[in-house]
Every structure is written in structure tokens, then in C-alpha cells.
Amino acid sequence: MSERDDFLFPRGRYRGEFTPEKLVFNSNLQEFAQRVNYICGLETNGKITSEEAYRQIKQLWKKLRSSKKSLGIGESSDQPPENL
């Protein structure tokens, strides 16, 4: 990556129990958060409408949820229930 890309798309280190799937999902989650941040900034500054921001974030959320499901994150029985 170039210095510009490092600045625009920062990546944090992965901490926790390592599996390749969890590392990939962590990367996807960081990308989701960064893109939501940009979308919120565009909406706040009047560059896009609230409806457009909502639509884009909803689309990103569906993509992230699909990624989680395809990677099998949270499917093992040793995970605590999600509704706590």
C-alpha cells in the first residue's frame, strides 16, 4: 500500500484468538467502519442526502453480514448467545 492508502484506509492489528476466518472478518469489519465514517461525513456536510447515506450503509451492512455468515463466524457452540 502507498502512504496515501495507509492514511485513507488505516488498519488496526488483530487481537484475540487467531483463525484465518476471524482475521478476514476483522479486516471486513474495519473496512465497514471506515466506509460508514466516510458516508456519515458526506451526509453531515450535505454532499449526499440522509436517505442516500442510509441506503449505502444498509448495503454495506448486508455485505458485512453475508461475509460473517460465509466465513462461519459465531456459529460454534462455544460462543455466548448474541441476545445477552
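**Exercise 1. Is Ile48 buried or exposed?**

Before starting, note that this is a predicted model: local features need pLDDT of at least 70, side-chain atom pairs count only at pLDDT 80 or more, and totals for chains, interfaces and linings use all residues. Residues are numbered from 1 along each chain as its sequence is written, and side-chain values use heavy atoms, with hydrogens and water left out.

Solution. 
- Step 1: Ile48 sits in the loop between helix H2 (20–44) and helix H3 (50–71). Helices (H or I, at least four residues) and strands (E, at least two) are DSSP runs, numbered from the N terminus.
- Step 2: recall the cut-offs. Buried means under 20% relative accessible area, exposed over 50%, and partly exposed in between (1.4 Å probe, protein chains only).
- Step 3: apply them. Ile48 has 19% relative accessibility, so Ile48 counts as buried.
- Step 4: list the contacts (heavy atoms within 4.5 Å). Neighbours within four places in sequence aside, Ile48 touches Ile39, Leu42, Glu43, Ala53 and Gln56.

**Exercise 2. Find which residues form the largest nonpolar core**.

Solution. 
- Step 1: define it. A nonpolar core is a set of buried Ala, Val, Leu, Ile, Met, Phe, Trp, Tyr and Cys residues joined through side-chain atoms within 4.5 Å.
- Step 2: name the members. The largest core has 9 residues: Phe25, Phe32, Val36, Ile39, Ile48, Ala53, Leu60, Leu64 and Ile73.
- Step 3: sort by helix. H2 and H3 each supply at least two residues. H2 gives the most, with 4 residues.
- Step 4: look at one member. Not counting residues up to four places away in sequence, Leu60 touches Phe32, Arg35, Val36 and Ile39.
- Step 5: recall the background. In soluble globular proteins, nonpolar side chains tend to be buried together.

**Exercise 3. Work out how H2 and H3 are arranged**.

Solution. 
- Step 1: take the geometry. The two helices pack at an angle of about 180 degrees, with their axes 10 Å apart. Axes are lines fitted to C-alpha atoms, for helices over the stretch in contact, and angles run from 0 to 180 degrees between N-to-C directions.
- Step 2: classify. Angles under 35 degrees count as roughly parallel, over 145 as roughly antiparallel, 65 to 115 as roughly perpendicular and the rest as oblique. H2 and H3 are therefore roughly antiparallel.
- Step 3: check who takes part. The contact includes Phe25, Asn28 and Phe32 of H2, and Ala53, Leu60 and Ser67 of H3.

**Exercise 4. Describe the surroundings of Ser67**.

Solution. 
- Step 1: Ser67 belongs to helix H3.
- Step 2: Ser67 has a relative accessible area of 12%, so Ser67 is buried.
- Step 3: find its partners. Leaving aside neighbours within four places in sequence, Ser67 is in contact with Phe25 and Asn28.

**Exercise 5. Summarise the whole chain**.

Solution. 
- Step 1: count the elements. The protein chain has 3 helices and 0 strands. From the N terminus on, they run α-α-α.
- Step 2: state the burial. Of the 84 residues, 13% count as buried.
- Step 3: contrast with an exposed residue. Arg13 lies in the loop between helix H1 (3–8) and H2. At 75% relative accessibility, Arg13 counts as exposed.
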